[in-house]
Amino acid sequence: MLNYFLKKQKKFVLFILILLVLMISSLIGIFYSSFKFSKKYIEPSKVFEFVEKNKEDNKTKDIYFTEENKKYLEDKNIWAIRIDKNGQVIESFNKPHEVKNKFEISDVVRFTRYYLNDYPVFTFVVGDGVLVLAYPKNSLDKLPFNYYSYDLAKINFFILLISILFFSLLVYIFYVYEVKSIFKKLNPLQEAINNIFDEDYVEVEEAGELKEISKTINEANEKFINLKKSQASWLRGISHDVRTPLTKISWEMEGIKTKENLDEVKRIEDQVIKISRIIEDLNLTNSLENLSDKHFEYKDPISVIRKLLVNSLNENPNKEIIFENKINKEIKIKMDNHLFYRMLENILNNSIKYGDGKIFINYEILQDSLLISIKSEGRPIDESIVKRLDEENLSDVQRHGMGLFVSKQICNLHKGEMKIENHDQAVSVSFIFYLK
């Protein structure tokens, strides 16, 4: 498990390094674009220095837009005007038609701080007037305290947007990869856990990041198998040790049987038979836990039911058993004849033994399921027995318990459901099997 988390930590560090490389690349892109576009538009102060330096000085008035300055401004894609102290345009170069020739003081203040007819302009005091340098529209964005390149802002925005999208894509890819990687490693473990108590359990490969977990699951299966083997061995030993004295008791009872003690000997023999049956059921219960339905075949259970009816009526001619078949077609479920017979026999024998009246066996289709129910008139089953049956508690199996438990095990093995219902002076046991 520690190795697993260490490898995950390595992947996380690698992921962080990739993000750092991405951030550094984005910053380099921003710095490069800033450097590139800073060369596109010359700073207004440098333009003013050039114009001021190359103006033409006369005694009457100065001429700022000389041929040299005009050529310079033309190359820089800048138009310019010079305004006197009264707001009148006294000199201009490439002034657009929409720009007026006379400005109020409020106009000067407004465009000095912001724009002049949507042109980003910059003002400089010259003599008793103002020199206005205007850049193309959408070239520079002016702020009250600074300016920046419009194209540069767009480039930086797109770089940031692309970085965010690329970052999101990278996170998503990393997330999907990690999720798939985790599920790829966990699916075999999940399957192994689901089959840990099955006979056909396949050991998980003990390798990779989840090596320790795989090893633990394999060890748990091995311990369970050993426990089942020891349990089966113990049951076989107990069965053998108990059957031997029981057989001796039976022989001895035959030898001492007389007319005077016949009833007493019969009661002892019944107890011996009961103990033998309990041992047989315990062995069957243990074997059922190790069985699967792989050898089962799709058959019609009606033949098993009819065989059970014939045998039960022959053995109990004084018992009234009523069979009602409500199905007039062939029904097939995946079953084992011997086990299916034993499942129904246990319930029917209990009904014959403990019931006080008629026994009803119903065979019908209920929605998409096959229903086989055995209802006997007489005392209901104690609710404590039903509760122990649900809890798979084998204590106090003197009456009903063991046979019911074995029948429930067989029913579960056939992918069915067993229900016990108490009625007024009657009890019914139902077996429900889903029909595909």
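I began at Lys299, which is partly exposed at 27% relative accessibility. My scale: buried is under 20% relative accessible area, exposed is over 50%, and partly exposed lies in between (1.4 Å probe, protein chains only). The model is predicted, so I noted its limits: local features need pLDDT of at least 70, side-chain atom pairs count only at pLDDT 80 or more, and totals for chains, interfaces and linings use all residues. Residues are numbered from 1 along each chain as its sequence is written, and side-chain values use heavy atoms, with hydrogens and water left out.

**Entry: salt bridges**

I looked up the partner of Lys299. Its side chain meets that of Glu297 in a salt bridge of 3.9 Å, N to O. A salt bridge here is a side-chain nitrogen of Lys or Arg within 4 Å of a carboxyl oxygen of Asp or Glu. Glu297 counts as partly exposed, at 47% relative accessibility. How many salt bridges does the structure hold? I found 9.

**Entry: Lys55 and Glu52**

Lys55 sits in the loop between helix H2 (44-53) and helix H3 (67-75). Helices are DSSP runs of H or I with at least four residues, strands are runs of E with at least two, and both are numbered from the N terminus. Glu52 forms a salt bridge with Lys55, and the closest N and O atoms are 3.0 Å apart. The two side chains are also joined by a polar contact of 3.0 Å. For a polar contact, a pair of N or O atoms must be within 3.5 Å; within protein, one must be able to donate a hydrogen and the other to accept it, and residues adjacent in sequence count only if both atoms are side-chain atoms. Glu52 is partly exposed, with a relative accessible area of 27%.

I then checked what Lys55 touches, leaving aside its neighbours within four places in sequence. The list is Asp62, Ile63, Tyr64, Thr66 and Asn69. Contact means heavy atoms within 4.5 Å.

**Entry: helix H3**

Which residue forms a salt bridge with Asp75? It is Lys71, with the closest N and O atoms 3.5 Å apart. Both lie in helix H3, 4 residues apart, about one turn of the helix. An α-helix has 3.6 residues a turn, so residues three or four places apart point the same way. Asp75 is exposed, with a relative accessible area of 54%. Lys71 is exposed too, at 55% relative accessibility.

**Entry: helix H10**

I sorted helix H10 (residues 383-390) by burial. Its buried residues are Ile385, Val386, Arg388 and Leu389. They cover an arc of only 160° around the axis, which puts them on the same side of H10. The arc is that of the directions from the helix axis to the C-beta atoms. The face turned away from the buried side carries the exposed residues Glu383, Lys387 and Asp390.

**Entry: Ile16**

Ile16 has its place in helix H1 (residues 2-38). At 33% relative accessibility, Ile16 is partly exposed.

**Entry: the whole chain**

I counted elements last. The chain has 11 helices and 14 strands. Of its 436 residues, 38% count as buried. Among contacts with a separation of 6 or more, 61% come from residues 24 or more positions apart.
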